[in-house]
Protein chains: 2
Amino acid sequence: MTTQVQALYDFTGEPGTTEMSITCGEILTLLNTEIGEGWWEGRNAKGETGLFPAAYVRKLTPEDSVPTKMAPAAPRYDQAADDWSDQQFSAGDNNYQRTTSNDDGWDDDWDDDTYSEIGPGAQQQTKANFSQQQPLTPLPGMPINDYNHHIDDTASNFGSSVGTVRKNKFAPSSKVSGESYLLGTLNVEVPDHEKVYIIQDEDGYAWSPIAQPYSVTVASPKKESKFKGIKSFIAYQLTPSFNNIQVSRRYKHFDWLHERLQEKFSLIPIPPLPDKQISGRYDEQLIERRRVQLQEFVDWMCKHPVLSKCEVWQHFLTCTDEKRWKAGKRQAERDNLLGLNYCISLVVPEKALLQSQVDHITEQCYTFISSMDTSVKSVTNMCIAQTKRFQGPYKSDCQKIGEAFYNLGNALSLDEGTIVSTSKLTSAIKMTGGAYIEIGRMYEEQPKYDFEPLGDKFHLYKGIVGGFPEVLANHKGAVQKKRECERLTAEHKMEIAQLNEVLRRTDVISYALLAEINHFKSERTIDLKATMQKFLRQQINFYKRVVDKLENTLQHYDN
Amino acid sequence: MTTQVQALYDFTGEPGTTEMSITCGEILTLLNTEIGEGWWEGRNAKGETGLFPAAYVRKLTPEDSVPTKMAPAAPRYDQAADDWSDQQFSAGDNNYQRTTSNDDGWDDDWDDDTYSEIGPGAQQQTKANFSQQQPLTPLPGMPINDYNHHIDDTASNFGSSVGTVRKNKFAPSSKVSGESYLLGTLNVEVPDHEKVYIIQDEDGYAWSPIAQPYSVTVASPKKESKFKGIKSFIAYQLTPSFNNIQVSRRYKHFDWLHERLQEKFSLIPIPPLPDKQISGRYDEQLIERRRVQLQEFVDWMCKHPVLSKCEVWQHFLTCTDEKRWKAGKRQAERDNLLGLNYCISLVVPEKALLQSQVDHITEQCYTFISSMDTSVKSVTNMCIAQTKRFQGPYKSDCQKIGEAFYNLGNALSLDEGTIVSTSKLTSAIKMTGGAYIEIGRMYEEQPKYDFEPLGDKFHLYKGIVGGFPEVLANHKGAVQKKRECERLTAEHKMEIAQLNEVLRRTDVISYALLAEINHFKSERTIDLKATMQKFLRQQINFYKRVVDKLENTLQHYDN
């Protein structure tokens with residue numbers, strides 16, 4: 001099947017390479033997505049073929065909206081990438097996952113006997129989970145089409161661009177989860193230590209702050225091996241500040257964690273894991289970028305009052321024992337409090353919320369997120385583009401300047417007699433050439449201090465912002481449901497007592513959304529300030545070093 | 001006829017424009033050279049067509065070596081360029097010039113009645129000049145093929161790239177001029193004030209320094225008109241420092257002057273006039289670049305001990321009266337002391353030169369010039385390329401950075417409540433966006449302070465260096481001739497007395513060459529130092545301003 005893509009940005013291919021220039025709006029036929037390193041191959045209207053950054057285009061086919069489902073096998077360009085490639089598989093749908101779970105390397109590499117140990121009972125548990133996930137049966141009289149239509153609207157405005165909107169293998173589709181909570185049929189006792197409080201502060205409602213803040217460092221990954229070295233893989237070393245005990249986690253462990261978090265928290269956007277499509281020219285550079293993006297993921301987790309203390313995350317951070325790991329893993333996968341059902345753990349202010357106020361805030365959030373989504377993507381793409389520019393044309397331009405001067409100096413030295421002043425001039429000109437060649441190297445090095453970290457930060461924001469539409473849709477679904485219940489009660493088809501419970505629980509859901517909106521606002525305010533300052537300081541430092549180099553060179557003419 | 005060109009440099013076309021990327025070494029079919037502004041149109045091997053800078057390619061056809069002869073009619077993109085276009089015609093060969101001299105606008109625009117006033121006598125004078133220019137009849141026994149072959153070798157090594165190697169309408173081919181001087185048959189009395197002295201100083205032989213140094217400014221050109229405004233043209237205002245009287249000269253006057261200088265001084269490279277193919281995006285910018293390059297021409301003339309005081313130049317600089325102008329023009333065109341014959345005006349040290357020493361210096365000069373020719377072209381092209389880069393991609397890259405930040409600020413402002421700190425952050429981010437957009441504008445403006453003046457200076461050097469191979473060939477021809485005479489004398493076919501005169505006069509020619517080589521060396525030593533310092537200071541200033549802008553922006557985050 002031919003897939004067409006449309007260029008979202010201008011991209012100028014490096015002449016003399018396989019890269020191809022594309023122009024914003026241009027339609028291309030996609031030839032190959034297995035190039036790796038963030039590149040795709042395509043053919044333009046003129047019939048030229050070449051590579052362009054996958055991030056610069058969007059697919060035009062309907063499959064667009066579930067890109068991971070249709071994605072081809074992962075490119076296998078190196079061992080690290082190989083290890084990485086499971087991300088693509090695990091992001092597939094249920095069926096896909098189930099048929100491939102025995103040969104995708106998940107079990108082989110990590111937890112060979114998870115399934116066999118669990119046995120039939122566990123299988124049943126899994127099945128029970130699935131049965132819970134069937135699409136919501138509309139209540140009698142509920143206009144199901146309208147309901148779905150409405151929510152679809154909300155989510156589809158963000159289209160395929162919302163990277164984290166995806167189903168995962170165990171989680172129910174979050175649109176429909178939580179019915180039992182909302183209708184008051186879910187009633188479990190949550191232990192105190194698992195309760196999460198929402199409080200009112202000067203800015204509105206907020207998650208109760210983290211009692212004991214901590215941080216976790218993600219250290220440079222190590223290549224580990226098992227089966228006597230036959231298989232090797234990259235493992236990241238995580239060290240939490242609260243115990244200083246290092247744990248070793250592979251990307252697929254992160255991926256597993258991410259799935260658990262996604263299915264559990266339908267009102268909290270989960271920070272994204274690194275993309276497969278990180279730009280970078282060397283394996284080392286690629287691995288380092290992934291490490292930085294994992295650090296961003298981990299940082300966001302640590303700073304989130306709810307996520308930072310959730311059980312599966314704590315298990316991921318601290319477990320060093322294989323048996324306990326398996327037990328924790330099974331427990332997490334059996335968790336019933338998923339999606340809106342998780343809200344049973346929340347303790348919110350007594351006060352009932354004013355629906356109009358909630359509507360106002362969510363609408364503002366929707367408008368904001370919609371605009372922010374475009375902005376963070378544009379910053380991310382700009383960072384990728386600038387990195388490429390610095391490492392490619394900017395570097396080579398400087399080197400061309402340098403070579404022109406250096407060769408001039410060389411030519412002049414062919415006509416040198418014993419005239420001392422000429423000789424000094426010649427060497428100063430050669431030095432000028434050398435300085436520009438050096439500046440070229442500085443351009444090549446620079447992105448790792450400014451545009452790459454900025455891009456990594458905005459990768460995080462892209463994920464968070466991209467998660468909000470689903471969060472908003474989940475909330476909106478609950479509100480619609482509540483209105484439906486109000487109507488049913490008016491029509492005497494629902495008891496007042498049940499309606500009151502529905503109203504109370506809808507408020508809990510709204511409180512959670514408001515707390516999360518506020519959390520995102522206050523986090524990004526601090527974080528973006530620091531990010532921008534760091535970026536600008538690095539840029540200033542760079543141009544200062546250019547000035548220093550040139551001033552140093554200029555001095556050689558004065559002797 | 002299809003003409004093919006080969007790319008000398010990489011050029012990256014701006015996406016979304018008619019520009020085409022070309023890669024060094026790539027062969028293209030030339031489609032159109034009449035685009036103007038330094039652009040040519042071509043088709044690459046893939047069949048794509050587009051524009052690229054003419055300076056980035058070289059023609060592959062044999063006509064290559066006499067590009068002006070085959071050049072199509074000048075592009076007529078504006079009045080200024082129209083006026084400019086005569087350069088191309090006047091650079092043609094004799095026949096071409098003669099058939100077109102009545103309709104190329106030369107007479108119309110300037111000196112309508114020059115030819116008719118001179119009458120039959122003047123025509124005869126012109127004819128007499130031509131008869132003098134017939135190819136040198138080899139002396140009996142002289143191996144003419146070897147002789148020509150040798151000189152051709154010297155000149156052709158520089159190929160078509162030597163812009164100023166050209167025949168002009170009255171001058172004899174400089175290869176063969178000056179026989180009457182060399183063989184001692186030319187004996188005219190040169191008035192004392194026209195004598196030019198060569199002296200010995202610490203660095204070797206030198207032109208006697210300028211007694212009264214002066215400078216000439218070329219002011220911003222004015223659009224003038226004649227025939228009651230029907231014809232308009234650009235005139236440059238020249239003001240010499242020695243009399244402070246402004247004269248108005250059009251490009252064709254410069255061109256006429258340049259021809260006179262070329263035919264008269266076969267041992268002195270004449271500084272070049274501006275190219276047609278100056279890069280620049282607006283008429284004003286083009287006109288200003290031409291002014292700067294004319295200023296470079298004028299400066300070199302003023303600083304040259306021989307050129308600065310020659311009669312045709314003085315006439316050009318000072319004549320304000322139309323009648324006197326015509327008389328001077330006629331006189332210059334009747335000048336018999338052209339090419340090597342001019343050497344009759346030289347007074348040199350008594351001492352005979354050692355041929356081996358002369359050979360050593362000229363060989364070193366040849367090697368140097370050959371290498372320098374490549375270098376100055378590469379600097380010139382680098383300046384053109386960098387100018388384009390700064391005004392194109394560098395500018396637009398900065399603006400893309402700026403827009404990304406600015407839009408981020410805008411998105412954030414959609415979620416502003418009354419939180420003051422957020423609001424400050426948002427405005428700081430918007431300001432950062434603005435700063436990068438402003439830096440983009442600085443990039444666009446910058447070349448006129450660094451790369452353009454550097455390019456203008458190296459345009460001058462390209463012309464001077466490009467003139468040297470012919471100068472060296474002229475000298476070499478004389479030396480060959482001398483050797484021939486020595487052989488003839490050994491064979492008793494020439495009188496010893498005549499040989500001695502030949503030897504003496506060959507020494508005069510060598511003295512002139514040595515003086516010119518030294519002049520070029522000392523001039524460029526001073527000039528290149530100042531040029532490089534000025535360039536570096538401008539570059540430093542630019543990057544400092546970038547730092548200032550960013551530091552200023554950074555401060556807004558600290559409030």
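Predicted model: local features only at pLDDT ≥ 70, side-chain atom pairs only at ≥ 80, totals over all residues.
**View 1. Chain A as a whole, with its helices and strands.**
Let's start with the overall make-up of one copy: chain A contains 16 helices and 11 strands. Of its 559 residues, 42% count as buried. Contacts in chain A that have a separation of 6 or more come to 74% from residues 24 or more positions apart.

**View 2. The rotation that relates chain A to chain B.**
Two copies of a chain are related by a rotation about an axis and a shift along it. Here, chain A is superposed on chain B by a rotation of 180 degrees with 0.1 Å of shift along the axis, and the RMSD is 0.2 Å. This is therefore the relation of a two-fold axis. Which residue of chain A comes closest to the rotation axis? Look for Y543(A), whose C-alpha is at 3.0 Å from the axis. The same surface serves both copies, as 100% of the contact residues of chain A recur in chain B.

**View 3. The contact between chain A and chain B.**
Both chains bring 54 residues to this contact, 54 from chain A and 54 from chain B. Which elements of chain A give two or more residues to the side that touches chain B? They are helices α13 (355–413), α14 (420–445) and α16 (496–555) of chain A.

Strand β6 (residues 196–201) of chain B runs antiparallel to β7(B), and the two pair over 4 bridges. To find your way into this pairing, take Q200(B), whose bridge partner in β7(B) is Y205(B).

**View 4. Helix α15 of chain A along its length.**
Helix α15 of chain A spans residues 451–490, which is 40 residues. From its first C-alpha to its last, α15 of chain A reaches 58 Å, close to the 58 Å expected at 1.5 Å a residue. Is this helix mostly covered or mostly uncovered? α15(A) is mostly covered, with 30 of its 40 residues buried.

**View 5. H492 in both chains, a residue with positive phi.**
Most residues other than glycine have a negative phi. H492(A), which follows α15(A), has a phi near 60 degrees, a positive value in a residue other than glycine. You will find H492(A) in the loop between α15 and α16 of chain A. Why does H492(A) count as exposed? Because H492(A) has 8 C-beta neighbours inside 10 Å, and a residue with 12 or fewer is exposed. Turning to the other copy, H492(B) has a positive phi near 60 degrees and sits in the loop between α15 (451–490) and α16 of chain B. H492(B) counts as exposed because it has 8 C-beta neighbours inside 10 Å.

Terms used. Residues numbered from 1 in each chain as written. Chains lettered and ligands numbered in written order. Pairing = 2+ DSSP bridges. Contact = placed C-beta atoms within 7 Å. Buried ≥ 20, exposed ≤ 12 C-beta atoms within 10 Å, placed from the backbone. Least-squares fit on C-alpha atoms with pLDDT ≥ 70 in both. Expected span 1.5 Å × (residues − 1).
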